[in-house]
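Let's take a friendly walk through a protein chain together. Keep the sequence and the 3D view side by side as you read.

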Amino acid sequence: RLLKNRNAYLVPTLSPAIKIPAAMAGNPFFTDAIREKANAASAAAVDSFRSAHEAGVRIAFGTDSAVTPHGDNADEFSMMVEAGMNEMDALRSATVVAAELIEQSDVLGTIETGKLADIVAFDGNPLEDIAVMKQVALVIKDGQIVR
């Protein structure tokens with residue numbers, strides 16, 4: 001039903017689905033049955049993300065920092081691209097689409113006169129390698145360089 005609703009938004013958090021099964025490897029606490037179930041859930045999460053994206057559902061950037069370490073949010077960009085989203089759409093998910101979702105497009109989401117504009121810059125082009133999103137070179141907040 002969600003996939004048929006072009007007005008729907010999805011805010012996936014691929015980190016738990018991908019990172020938790022990987023963290024189980026070699027840990028004797030997790031039984032084979034638990035690892036098998038986690039791997040199946042991981043595959044289902046990625047497949048659901050891919051299906052929603054292919055169906056045109058608007059995907060806003062999200063993370064699950066309660067499950068994965070804080071500060072690793074940018075990993076989501078790579079996971080989204082690995083799951084079938086192109087780099088530009090992944091970037092738009094964290095800017096334009098996120099602003100649309102919270103109904104703040106008039107003040108957020110793009111760099112335009114009259115809008116709030118915190119800017120993050122990177123050493124590299126995320127359209128060529130989305131992993132550069134983990135290498136923040138410059139942060140401007142409220143017109144001031146903070147990093």
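How many residues lie between E4 and E5 in their hairpin, and which residue in the turn has a positive phi? There are two residues between these strands, and Asp142 in the turn has a positive phi of about 50 degrees.

**Before we start**

This is a predicted model, in which local features need pLDDT of at least 70 and side-chain atom pairs count only at pLDDT 80 or more, while totals for chains, interfaces and linings use all residues. Residues are numbered from 1 along each chain as its sequence is written, and side-chain values use heavy atoms, with hydrogens and water left out.

**The whole chain**

The chain holds five helices and five strands. Here helices (H or I, at least four residues) and strands (E, at least two) are DSSP runs, numbered from the N terminus. Starting from that end, the order of elements is β-α-α-β-α-α-α-β-β-β. The C-alpha trace spans about 55 × 40 × 30 Å along its principal axes. Of the 147 residues in the chain, 28% are buried. Buried means under 20% relative accessible area, exposed means over 50%, and partly exposed is in between (1.4 Å probe, protein chains only).

**The sheet**

Three strands form an open sheet in the order E3-E4-E5, with antiparallel pairing. E3 and E5 are the edge strands, as each pairs on one side only. Two strands pair if DSSP finds at least two bridges between them. The table lists the two pairings.

| Strand pair | Residues | Bridges and direction |
|---|---|---|
| E3 and E4 | 119-122 and 136-141 | four, antiparallel |
| E4 and E5 | 136-141 and 144-145 | two, antiparallel |

Now find Ile140 in E4: Ile119 stands opposite Ile140, and Ile140 also stands opposite Ile145 in E5.

How do H1 and H3 lie against each other: roughly parallel or roughly perpendicular? Helix H1 (residues 14-24) and helix H3 (residues 75-82) pack at an angle of about 90 degrees, with their axes 9 Å apart. They are therefore roughly perpendicular to each other. Axes are lines fitted to C-alpha atoms, for helices over the stretch in contact, and angles run from 0 to 180 degrees between N-to-C directions. Angles under 35 degrees count as roughly parallel, over 145 as roughly antiparallel, 65 to 115 as roughly perpendicular and the rest as oblique.

On the H1 side, Leu14, Ser15, Ile18 and Lys19 meet Asp75, Glu76, Met79 and Met80 of H3. Contact means heavy atoms within 4.5 Å.

Ser93 sits in helix H4 (residues 87-94). Ser93 counts as buried because its relative accessibility is 0%. A polar atom of the Ser93 side chain lies 2.5 Å from the backbone oxygen of Ala90. Not counting residues up to four places away in sequence, Ser93 touches Ile59, Ala60, Phe61, Met80 and Ala98.

Leu116 belongs to the loop between helix H5 (96-101) and E3. With a relative accessible area of 57%, Leu116 is exposed. Leaving aside neighbours within four places in sequence, Leu116 is in contact with Val107, Leu108 and Thr110. Leu116 and Thr31 are 85 residues apart along the chain, and their C-alpha atoms are separated by 49 Å.

Notes
Polar contact = N/O pair within 3.5 Å; in protein donor to acceptor, adjacent residues only side chain to side chain.
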